[in-house]
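Me: Could you walk me through this structure, one question at a time?

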Amino acid sequence: MSGTGDSWRLRESYTFDRHVIAEIHRAANTGVYRIRGWGAKRRMPTLDDLVFLGASMSRYPLEGYRESCETDLVIGAERAARPLEIAIPITIAGMSFGSLSANAKEALGRGASAMGTSTTSGDGGMLPEEREHSSKLIYQYLPSRYGQNPDDLRSADAIEVVVGQGAKPGGGGILLGQKVSERVAGMRTLPAGIDQRSACRHPDWTGPDDLQIKIQELREVVDWQVPIFVKVGAARPFYDTALAVKAGADAVVVDGLQGGTAATQDVFIEHAGIPTIAAIPEATRALQDLDVHRKSVKLIASGGIRSGADVAKALALGADAVSIGTAALIALGDNDPAYDDEYRKLGSAAGFWDDLQDGTDPAGIATQDPRLTARLDPVIGGRRLANYLQVLTMETQTLARACGKSHVANLEPEDLAALTVEAAAMAQVPIAGTDWIPGDRRKR
Amino acid sequence: MGPGCVSAPDPVTTIDLAETSLRDLNQKLHQAERGSFRVLNPRGAHAVACGIDADISVEIHGSVGYYCAGMHQKGSVYVDGNASTGLAENIMSGTVRISGSATMSAGATGHGGLVVIEGNAGARCGISMKGVDIVVGGNVGHMSAFMAQAGNLVVLGDAGSDLGDSIYEANLYVRGEVASLGADAICKDMRPEHVRTLAGLLEAAGMEADPNDFRRYGTARGLYNFHIDDVNAEVARRAG
């Protein structure tokens with residue numbers, strides 16, 4: 001045949017496509033697994049595979065621009081003297097100073113505070129700038145205990161015991177030497193410049209029975225003032241949630257496979273854990289079995305939340321709130337096309353860059369290089385994040401009102417339909433136009 | 001107080017855990033700014049005297065459960081008995097001492113202060129320690145000083161297997177046998193400054209031992225950074 005180019009003659013292998021070949025070449029050159037940031041990039045079942053049914057003849061909607069649709073949430077009212085009260089059901093996930101710049105942490109605090117919600121510390125302790133600019137700050141209690149101290153614990157508005165995270169359930173954190181500056185190293189009691197690999201397991205407890213005692217200790221240290229969260233990577237969410245409740249958690253954070261990280265092995269990011277759409281219904285089922293759902297124990301879902309549609313769907317599946325990490329960094333300016341030339345110099349491009357681990361972030365967010373961190377104005381960054389949170393909230397309310405809900409927490413699975421068999425099975429909602437739920441676990 | 005006056009010793013407040021709740025005990029200790037406390041009948045309770053943040057003295061008569069004196073600051077806690085998991089975990093300053101033995105993870109992640117265990121310590125003693133000094137009169141169990149970052153662990157007896165696995169800059173002094181060293185842990189020279197440090201720790205702990213009888217273990221610094229090859233660079237070099 002004439003007139004046909006390479007695209008007609010060449011056939012790329014599905015099994016060994018160009019990305020796979022490049023990765024094998026990279027591995028053969030370096031002898032070390034690929035470490036990167038961001039979350040899973042592969043196609044997988046997501047909340048996009050669900051749709052809201054909206055009001056119709058049998059249900060009436062609320063006026064979209066006039067009738068109120070509340071968004072507030074209280075966590076820990078049953079046990080904590082100072083429950084955590086947030087104005088919107090969207091929180092900022094734990095991200096460490098070290099992985100992020102101090103300006104980025106401050107910006108997250110400013111943005112969250114402007115919207116009346118919480119931000120969260122991370123591996124490496126509580127940053128003073130973060131505490132100062134976060135009206136509600138959740139203090140993570142991690143296996144590494146880097147920078148962990150009782151003064152910060154007592155200054156927190158809630159404590160989150162981290163068992164795992166969605167990007168790497170069963171794994172510990174990584175912070176490569178390029179980002180372990182003198183300040184970061186000092187907060188973690190480690191030599192500057194080392195490739196710091198955090199513990200994957202807590203040093204002084206194993207299993208839910210121990211965790212129950214650990215939570216008792218934490219409550220005693222802070223005189224039962226603030227709520228205790230338990231965060232798990234989505235692996236076995238039914239059992240993990242039930243065990244967290246048994247251990248005494250006021251909130252369970254379930255972080256799905258799409259959850260981001262500043263650095264871990266690519267093989268971990270893509271191949272461990274289950275998607276958020278599959279995790280939320282299982283965690284909800286555990287809370288319902290224990291008769292604590294929408295009551296004494298709250299469910300916070302995270303992993304790949306991008307829009308108000310995602311927020312509303314997560315709430316409808318049973319979450320009381322969501323947590324965002326990657327989306328919050330994008331709101332600050334991560335992967336901004338304005339820096340495309342610089343991303344290309346790093347061998348990537350705006351929209352593709354995921355090397356948060358290497359300390360060269362052109363947007364000045366995931367770096368400790370003073371030349372780069374100066375690019376992020378924490379006041380402007382905070383304003384951008386607040387705007388983004390505002391949009392997420394308005395979108396969530398739009399869908400909730402359309403379903404006739406005067407509070408976003410009233411969203412329920414009955415408001416949803418699935419577009420694929422996989423989504424129907426995972427979310428436990430019917431395929432659109434049918435009443436069929438594959439593997440139906442509802443009590444009949 | 002006028003010249004020549006001598007301050008009266010603080011009265012000792014006795015709290016009986018057979019009659020008082022753990023919550024009330026810890027609340028009292030957290031509210032105290034000074035003074036001495038005697039705790040009776042702990043009966044293995046967890047989280048006894050955790051979160052102290054004042055220059056107070058607490059004596060506990062009997063054995064305690066998990067996390068006794070956890071996250072301790074400034075004051076002193078003495079346990080006349082044994083302690084379960086996580087004795088003085090994440091201690092920041094001050095002193096914690098027990099007359100008996102401690103089970104797992106004693107002194108875990110401690111950032112400062114002194115922990116003295118007159119008996120033995122179980123597995124993972126000093127795990128992830130970040131500046132605390134720990135002195136153990138007897139033996140320590142396996143995986144002690146795992147990922148130890150800073151501070152000193154002194155063992156007058158023997159150490160179990162995998163001592164100091166993945167250790168950073170902490171120093172481990174052991175008088176007896178070490179069953180095995182963990183990854184990246186090595187035996188190091190005992191220089192004069194180490195002898196002086198060890199002598200000071202033994203004195204502070206009230207332990208009678210000759211510093212010269214100890215060997216020092218620490219990091220080989222072989223795990224501090226990933227080893228990344230670059231075959232392409234070699235190929236380019238050969239190509240000239």
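**Where the chains meet**

Reply: To start, 24 residues of chain A are in contact with 40 residues of chain B, where contact means C-beta atoms, placed from the backbone, within 7 Å. Keep in mind that this is a predicted model, where local features need pLDDT of at least 70, side-chain atom pairs count only at pLDDT 80 or more, and totals for chains, interfaces and linings use all residues. Residues are numbered from 1 along each chain as its sequence is written, with chains lettered from A and ligands numbered from 1 in the order in which they are written.

Me: Which element gives the largest share of the side of chain A that touches chain B?

Reply: Helices here are DSSP runs of H or I, at least four residues, numbered from the N terminus. Both α2 (18-30) and α7 (207-221) of chain A supply at least two residues to that side. The largest share, five residues, comes from α7(A).

Me: How many residues of helix α3 of chain B are buried?

Reply: A residue counts as buried if 20 or more other C-beta atoms, placed from the backbone, lie within 10 Å of its own. Helix α3 (residues 231-239) of chain B is hardly covered. Of its nine residues, the buried count is zero.

Me: Which residues touch the most other members of the largest nonpolar core?

Reply: A nonpolar core joins buried Ala, Val, Leu, Ile, Met, Phe, Trp, Tyr and Cys residues through C-beta atoms within 7 Å. This one has 194 residues, and helix α10 (residues 276-289) of chain A gives the most, seven. The residues touching the most other members are A:Val252 and B:Ala49.

Conventions
Contact = placed C-beta atoms within 7 Å. Buried ≥ 20, exposed ≤ 12 C-beta atoms within 10 Å, placed from the backbone.
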